[in-house]
Amino acid sequence: MPNLSNDYGLIRVAAVSPPLALGDPDANADALLDAMRWAESQAVALLVTPELGLTGYTCHDLFHQQTLLDAALRALKRLLDAQRSGDAPRDLLTVVGAPLMVNERLFNCAVALQNGKILGVVPKTHLPNYGEFYDRRYFAAAREHVGPPKVTLFGESVPFTPNLLFTAPNEPGFTLGIEICEDAWSPLPRCAYLATAGARVIANPSASNELIGKAEYRRDIVVTGHSATCVAGYVYAGAGAGESSTDTVFGGHCLIAENGGLLAEGERFALDGPAHALADLDLGRLGAERRRLTTYAESSPGQATPSADAPTFLRVVTDPIRLVTEADLPLRRVLNPSPFVPSDTQDRRHRCDEIFHIQTTALARRSRQVGHPPFVVGVSGGLDSTLAMLVCARTLQRLNRDPRELIAVTMPGFGTTQRTRGNAETLSEALTGAPARRIDIRPACLQHFRDIGHPAADLLAREANGETVRLSEVADVTFENVQARERTQLLMDLANAEGGLVIGTGDLSEMALGWSTYNGDHMSMYAVNCGVPKTLVQYIVRWAADAEFEGRTREVLLDILATPISPELLPAEEGVNAQETESIVGPYALHDFFLFHFVRGAAPPRKILLFARQAFEGRFSEPVIRHWLRVFLRRFFANQFKRSCVPDGPKVGTVSLSPRADWRMPSDAQAAAWLKDLGEE
């Protein structure tokens, strides 16, 4: 079992809203210490707590009282002393909110603590002074600070500026920036400057009150939205119900997001216990995404802003932070075993509808470009050709064309079963009103075998003379590929004869694995399924059966869904399919999981293995996962030459292997480094 190291870039973060005693910093220090100890028990590296958490945000004119300010300083020192003495976790990087006087001005600050030291102080930049907010009545904005970006606290000079970045010596991917509440709601949010200066994690100690609909806006637009636009992790800790209820109510909303996805959300309105959110951030994935997005580099402060106005960022090196280890498993992040398939039923239906519309729109556009030809589809009774047929049928309907302009062709070979051929023919008649054209490819394949001197020719001749033979004895890769290429040749020739367009049926997963015959089913005139992974194909077909088609069409779709996946290129034994794809190349559930994290997240193989262990716990053992991951890597690298010359087809999701769009890889690349990362020699 591989050990996690900083190569994985995983850190655990928490947002906690402790119980608040309004105006009582000493009691609040106790609550913050409890939160820090809880965070230590959860192996947390970064803890974020609410805005002005040492005093409470709603102290109002009490902020003018030196008594409160002095008490807040004493409470802050208690936290530092507790870390030094070991009464609180030393290596935990903690962000707490406190009011601090600097040069006769009071600032609303976030203080970063670790190992009994103040690493830096971030004053709030944007002060709301509208509606129920009166921050300017009490506080000065960060830009009003006079003098160098430093402040003396407890006899030590510490950085004091909103342009602070905290980096860890033991995790190159960790850089923290801090914005405070309204800083994130501004038209020019601070997180944008922090992220483009290098912060992969944004902490937001906040005091955002609750109103109807505000929680959804805060979650979707502020936290999740900013994590997407900044390509960052975002840790948000909101003030809780202990704040004053004179005019407002605070819910203690705690949120953690990563690159547009919500990782964790705490319950709001806790009256007694703390509210919290806990999650593992994937800093490696964020780094990979930033490398991929060229516009991200172009948005750095020196590039996006005239140099004279570009803020100067001060970097502070923290002590080593805690990294997620094997002892901390399971990971605190949802790992969907089917990353291409939404787990929510309504989201899944919407995804299927969206993809189907992308496919039909793409085919309609290509059809108009080439003069509205008939569509020629080789239909096998399997999932991929079924989806292609459905796309063609619906495209013709959208274009107000005759459904008989869909020419379905069944081409039984040596492994075709009655079930799949029957389903193919039934589907054709149900969709077009016309039977599928049947072309038996066996005579042509026999001639090929004779021409190239393949032993199957002799066996087939003996079979024709009444002898009992076992074709399985000569059913090698040539035997299979002859059939695939003959089918493609027939489709191309038929398209020429009919003035038609051959529609490809292969899917994204087959492209990744190279599970196609070069210049056979590998080729078409337009590939409508090329952006759809295998695990999603079946859901789209099922959605189509439930939402788009009915009657006889629906019945045959349901039977096709129940048919094992197979290319049916090996001889059937007593009418039963002798070749199931997943027993050869492996489970598509695993391969699609590998594909997503390898391409979309640029994750190293050991990390993919770690994720898969958790996602498929109880379904696949680690040795099984490791075996098929090895197969995936070898096949992915070995088959790039097929992907380098695939037909046009629509991209439907964030993972695409088109050599013209998303995936440019040399066919000569070696898998050795990736296999070594997996522990293979």
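Which side chains meet in a salt bridge at 2.8 Å, N to O? I looked this up in what is a predicted model, and the pair is Arg 78 and Asp 26. Arg 78 sits in helix H2 (residues 66–85) and Asp 26 in helix H1 (residues 25–41), so this contact ties together parts that lie 52 residues apart in sequence. I then searched the whole structure and got 41 salt bridges.

**Entry: the sheet**

Next I traced an open sheet. I found 7 strands in the order E13-E12-E11-E10-E9-E8-E15, with mixed pairing. Strand E13 (261–265) and strand E15 (314–317) are at the edges; each has a single partner strand, so one side of each is left without a neighbour in the sheet. On average, and ignoring direction, neighbouring strands here are turned by 20 degrees against each other.

I zoomed in on one pair. Strand E10 (residues 201–206) and strand E11 (residues 233–238) run parallel and are joined by 6 bridges. If you want a place to start looking, Val 201 stands opposite Gly 233 in E11. A reminder to myself: strands of a sheet pair through backbone hydrogen bonds, either parallel or antiparallel.

**Entry: helices on the sheet**

Which strands does helix H5 lie across? I see H5 (residues 214–229) across E11, strand E12 (254–258) and E13, running at about 40 degrees to E12. Helix H6 (residues 283–292) also packs on the sheet, where it touches strand E9 (171–178), E10, E11 and E12. The direction of H6 makes about 85 degrees with that of E9.

**Entry: a helix pair**

I moved on to helix H19 (residues 588–600) and helix H20 (residues 605–615). Their axes come within 10 Å and cross at roughly 140 degrees. That makes H19 oblique to H20, since an angle has to be over 145 to count as roughly antiparallel. I noted the crossing as right-handed.

For the contact itself, I listed Phe 593, Phe 594, His 597 and Phe 598 from H19, meeting Ile 608, Phe 611, Ala 612 and Ala 615 from H20. Sorted by class, the contact has 7 nonpolar residues, 1 polar and no charged ones.

Most residues other than glycine have a negative phi, and most peptide bonds are trans. I kept two exceptions. A cis peptide bond joins Leu 329 and Pro 330, with omega about 5 degrees; Pro 330 is in the loop between E15 and helix H9 (345–369). Cys 181 has a positive phi, near 45 degrees, and I found this residue in the loop between E9 and helix H4 (190–196).

Technical notes
Residues are numbered from 1 along each chain as its sequence is written. This is a predicted model: local features need pLDDT of at least 70, side-chain atom pairs count only at pLDDT 80 or more; totals for chains, interfaces and linings use all residues. Side-chain values use heavy atoms; hydrogens and water are left out. Axes are lines fitted to C-alpha atoms, for helices over the stretch in contact, and angles run from 0 to 180 degrees between N-to-C directions. Helices (H or I, at least four residues) and strands (E, at least two) are DSSP runs, numbered from the N terminus. Angles under 35 degrees count as roughly parallel, over 145 as roughly antiparallel, 65 to 115 as roughly perpendicular and the rest as oblique. A crossing is left-handed if the near helix is turned anticlockwise from the far one by less than a right angle, and right-handed if clockwise. Contact means heavy atoms within 4.5 Å. Ala, Val, Leu, Ile, Met, Phe, Trp, Tyr, Cys and Pro count as nonpolar, Asp, Glu, Lys and Arg as charged, and the others, Gly among them, as polar. Two strands pair if DSSP finds at least two bridges between them. A salt bridge is a side-chain nitrogen of Lys or Arg within 4 Å of a carboxyl oxygen of Asp or Glu.
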